[in-house]
Amino acid sequence: MTNSVEMKKSVKKKKIASLDKRKARAGWVFVLPFIIGFVLIYLPILYESLSASVTYRNKIDGVWVEKFVGFTAYTEAFLGDQVGGQTFGQVLLTGVSEMILDIPMVLLFSLFMAILLNQKMAGRAAFRAIFFVPVILSTGIMESIDAAALDSYMGSTEGIDDGSGESAADSIVSAMDVQKLFSGMAIGEGMLKYVTDTINNIYDIVNRSGVQMLIFLAGLQSISPAIYESVQIDGATAWETFWKITFPMISPMILVNAIYTVIDAFTTESSVMTYINLASQQLPEQGMAISTAMSWIYFLVVILILALIAGICSAYVFYQKKN
């Protein structure tokens with residue numbers, strides 16, 4: 001009797017193991033196109049880019065001559081000539097600072113909208129589509145048309161005259177408006193400037209929150225309604241339900257959205273990327289090598305920030321066990 005039970009257990013374990021192996025093989029089949037493309041397309045490009053950053057090219061008698069210079073281009077990227085009146089280190093530090101301030105606002109706005117759009121209401125699907133429209137409009141040629149129209153409007157002198165000598169088209173609110181709003185609170189100048197810049201950049205925040213909002217929506221809809229019913233029976237308030245149930249359950253989505261937002265912020269047409277393009281055009285003969293070195297430095301900074309965010313967030317992420 002004991003032997004038969006043990007045999008059944010061993011057969012069951014083998015079936016589970018074989019099922020896991022089949023799932024693993026199916027997973028490799030799905031990622032195989034990416035692996036092939038990465039090896040055949042991306043790796044050669046990365047190799048050429050890395051070799052260009054450590055090689056100076058000069059045209060002598062109509063023939064291109066390459067000279068290996070090691071990390072000279074990387075040193076010149078920080079210590080070399082300025083482009084547009086700024087050094088690469090200054091622009092990089094400014095770009096990272098702006099990213100650190102923008103990411104929390106994008107995550108908070110997208111989470112707030114996802115919670116609202118997850119409620120039962122008439123026309124919920126239409127509202128979801130409306131908030132995702134900026135993601136579609138901010139791609140390809142539509143992005144350039146939209147940016148040109150916005151710059152033309154923001155740069156125009158027309159607008160509502162409030163008597164201060166500034167046009168309402170220049171900004172939505174001013175620091176003075178925010179200071180009046182929070183006059184009863186002890187808010188420093190740094191927080192005042194942060195709130196003002198956030199409100200004035202609401203257009204950009206909405207444009208960059210569409211994908212994150214959908215990911216948060218998927219996470220919210222994956223939470224079992226039975227969990228909410230049980231905490232309501234126990235008498236939990238909406239505030240307690242959010243912090244004890246909703247927030248921990250969507251913490252993996254917060255990590256995913258944080259990583260996505262960092263990559264999206266660094267890969268769009270930022271001030272750092274604009275500086276690198278200008279460096280390749282305005283610097284002397286070795287501008288291509290120096291700008292390529294800047295790109296690699298920029299890439300390493302992004303990887304470091306992603307690793308830091310993943311390391312910090314992973315310590316607080318809650319993963320629900322299915323078994």
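Start by selecting helix H1, residues 2–53, and find Ile-45 in it (helices are DSSP runs of H or I, at least four residues, numbered from the N terminus). Keep in mind that this is a predicted model, where local features need pLDDT of at least 70, side-chain atom pairs count only at pLDDT 80 or more, and totals for chains, interfaces and linings use all residues. Residues are numbered from 1 along each chain as its sequence is written, and side-chain values use heavy atoms, with hydrogens and water left out.

Next, go inside. Pick Phe-88, Met-99, Val-262, Phe-266 and Met-294, which touch the most other members of the 33-residue largest nonpolar core (buried nonpolar residues joined through side-chain atoms within 4.5 Å; buried means under 20% relative accessible area). H14 (287–314) gives the largest share of this core, 11 residues.

Zoom in on Phe-88: beyond its neighbours within four places in sequence, its contacts include Ala-77, Tyr-275 and Met-294 (heavy atoms within 4.5 Å). Apart from this core lies another, of 18 residues, with Val-106 and Phe-242 among them.

Last stop: Ser-291, also in H14. Ser-291 counts as buried because its relative accessibility is 4%. Sequence neighbours within four places aside, Ser-291 is in contact with Ile-276, Ala-279 and Ser-280.

How values were computed:
Buried < 20%, exposed > 50% of the residue type's maximum accessible area, 1.4 Å probe, protein only. Helix = DSSP H or I, 4+ residues; strand = E, 2+ residues; numbered from the N terminus.
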